[in-house]
Amino acid sequence: MIGLAEAEHFVRGPDWTWYILFYFFFAGLSGGSYFLSGLLRLFGNRVDEPAARLGIYVAFPAFLICPVLLTLDLGQPLRFWHMLVNTTPGDEGPIFKYWSPMSVGAWALVLFGLFITVSFGAALVRDRVIRVRLLDSAAGLLDGVRGKIWNLVGALLGLFIAGYTGVLLAVSNQPVWSDTWALGGLFLASGLTGSAALLGWLVHHRADARASASVFVRFERLFPLLELALIVVFVLLLIPAGTLGQAFAFPWILLWLVALVGLLPGLGGLVTSRLTVTGEGAVAVASTRAIAWVSVLVLVGVLALRAAVIFSAQ
Amino acid sequence: MADITPGQAYGFFTDTSVCIGCKACEVACKEWNQLPGHEPAFGDGYDNTGVLDAENWRHVQFIDRVPDEASTAGQGKAWLMMSDVCKHCTHASCLEVCPTGAIIRTEFDTVYIQPSVCNGCRDCIAACPYGVIEMDKNKGVAQKCTLCYDRLQGGLEPACAKACPTQSIQFGPVIELRQRAEERVNKLHDQGVTEARLYGADESVYGGLNAFFLLMDKPEVYGLPDAANAVLPKRNNVGGYLTTLVTAALGVIGGLIALRRRREPSVEPGAPPPDDIATPAAVPAKVGGDAS
C-alpha cells in the first residue's frame, strides 16, 4: 500500500481464474476444518472427539483436490515439482524463498499433506474403518504429549494453509490485491466461517458427534463477525489506493452481496441470541434440512468472496 | 561496439526524443527471436502492436496527443513515441516472487526467464509492474525480452539496438549509457526542452533499470509507474502475514470462547443434551491430544 496517494497500476493480470478460485476455496475449507478439529482435541472434551474426526474427514478430501487444481493451472503441469526443486543448471537442489508466498505455500502444502494424511489414517483406525493391529499400535504413537504437539502443529499449519493464499495475492503489483494487507486475514476468517458451517451441518449426520453441535453453532456466529470486520478493513484500505471502485464494480458487487448474505445466518444468530444456544435458536435450526441450506448459503458466500477478490483485480 | 564482457552490467538507453516510430526494433526482435506475428489491430493511431506480450518483446508506443481541433502546429510535441521493452530492473519484482528459480540474473546483469525451468505459474506476471511478461500459450511458460542473451553470449549487441536507425535505442555498459543519457538530457534542457527527463537511470525506480529511458513527459503518460509507485511485491509480506497471524489469534480466542460457553443448554432433537455431557463433572478429563 502506498501512503494516501492513489496507486498507479500498469501490470498485466496473471489469468488466475477457475482452478485458482477453487484451490483457494478448498484450501480454506481444508485448513479451517483441520484447525477446528485440532481445537476440539486440544481444548474440547472427550465427547468432541467424533466431531474432531469429522473435521479430519472433511479436511482430507478437500486437501486432496488442492494439488490437483494447482497442477492443472500450471502452463507446464508436469513441472509441478519445480516449485520445490530448482533445476537451473549448476544450481540444482531444493528451492525455498521465504519472501515468496508461493514458494512458502508449496512447502507448507507438502508439510500439511503429511499431517493431514497421517491424521486421516489415524481417524480411520480409531473409527475401526481400518482394522490392522500394526496400525492400531502406530495410531497409539499419537497419544499423550506427542498427540498434543501433533495437533498443535497441525492446527497452526491448517491456519496457514487457509490464510496464506490471501498473502500470495497481496504480494504482487496487481490493483486491489496489492493495495491491501488484509487479504490473508480475510481468507482465513472466511475459511473458518465456511468450515464451521459445513461441520456444523455434518455433526447432525454423525450420531456421536451431535454432542458438539452447540459448539459449532457458536463457531458459526463468531467467525462471520471476524470475517465482516476484515471486509471492513479491506474496504478501508482500498479507499486511499483508489481501487475500491474496481473491487466493487458491477458484476463483482453481486458476488460481494452473495458473500455478505452468506454471513447473515451467523451474524443474525449473534445479534438475536449472542452466544447462548437457546431453545428458540435451536428450534430455528431444528431441521437438518434447514441447517443444510444455511451451510450451503455460507459456503456459496465463501466461494463468492474469493471470486470477487480474484476476478475484480484482473 | 566494444567487446561484451561477462560480469559487466549491460542494458539499453532508449531516447524517446529521437524515436520516429518506424518499428524496425519490433521487426528485428521478432526475426532474431523467431517470435510469431499476429493479426494487427488497427485503432485510432499507428499502434497496431498493442502491448508487450509473449510475442512482442519490443512495442513501439504511439501516444496521440493531437488535439481534435488543432490551432497550432504542435511544435513536434503532438506525438510521443517510445520503444518499450523489459526494464531488466536491478530489484526485479518478477525475479523476487518466482518460486521455481526460473528467473535469473545473468552474467550480463540482465533478467532472464529460463524456459526449461519455468513451470508457468504466472506469479511473475502478477508481479511485473510494467506488464511486460506474458504466458506463451504454446510453450506453457512465461516469456519476455531476454536482452538477446544468446547474442550477448556470442559477443553481439541486441537485435533491436542494431536495427534502430535513429539511435533511439542504444546498447552498452549501463555505466556508460547513464553518462550518455545525462549528457543528452542536459543538452535538451539547454535547448529549452525542459520536459525531457530520465526514467530509471538512477536508483529511485527499482534500484535502477538496466533498460532506462529519456522521456518527454511524465512516466505515467507512457504507462510507467513513477518512483513513488515503483514498489516491490514483498512490501506486503509483513503486513499480510501479520494480519493473518492476528486473525488466527482471534480465531483461536473465538474458538475457546465457543468451547467455554458450551455449558448453556442446547436443544437438539434426538440428541442428548450435549452441554450437560460435556461438563467437567460428567467428563473429568480432557481429550488432550490422545487422538490424531
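**Stop one: where the chains meet**

Start by selecting the interface: 74 residues of chain B are in contact with 85 residues of chain A. Keep in mind as you look around that this is a predicted model. Colour the chain B side by residue type and you'll get 36 nonpolar, 24 polar and 14 charged residues.

**Stop two: a helix pair in chain A**

Hop over to chain A and select helix H1 (residues 18–43) together with helix H2 (residues 49–73). Their axes come within 7 Å and cross at roughly 155°. An angle over 145 degrees counts as roughly antiparallel, so that's how H1(A) and H2(A) run relative to each other. The crossing of the two is left-handed. Show the residues of the contact between H1(A) and H2(A), and they split into 22 nonpolar, four polar and two charged.

**Stop three: one leucine in chain B**

Last, zoom in on Leu80(B), in strand S3 (residues 79–84) of chain B. Is Leu80(B) buried or partly exposed? It counts as partly exposed, because it has 19 C-beta neighbours inside 10 Å and buried takes 20 or more. Beyond its neighbours within four places in sequence, Leu80(B) is in contact with Thr16(B), Ile63(B), Arg65(B), Met216(B), Asp217(B) and Val221(B). Finally, draw a distance from Leu80(B) to Cys19(B): they are 61 residues apart along the chain, with their C-alpha atoms separated by 8.5 Å.

Methods
Residues numbered from 1 in each chain as written. Chains lettered and ligands numbered in written order. Predicted model: local features only at pLDDT ≥ 70, side-chain atom pairs only at ≥ 80, totals over all residues. Axes fitted to C-alpha atoms, helices over the stretch in contact; angles between N-to-C directions. Helix = DSSP H or I, 4+ residues; strand = E, 2+ residues; numbered from the N terminus. Parallel < 35°, antiparallel > 145°, perpendicular 65-115°, else oblique. Left-handed = near helix turned anticlockwise from the far one by under 90°. Nonpolar A, V, L, I, M, F, W, Y, C, P; charged D, E, K, R; others polar. Contact = placed C-beta atoms within 7 Å. Buried ≥ 20, exposed ≤ 12 C-beta atoms within 10 Å, placed from the backbone.
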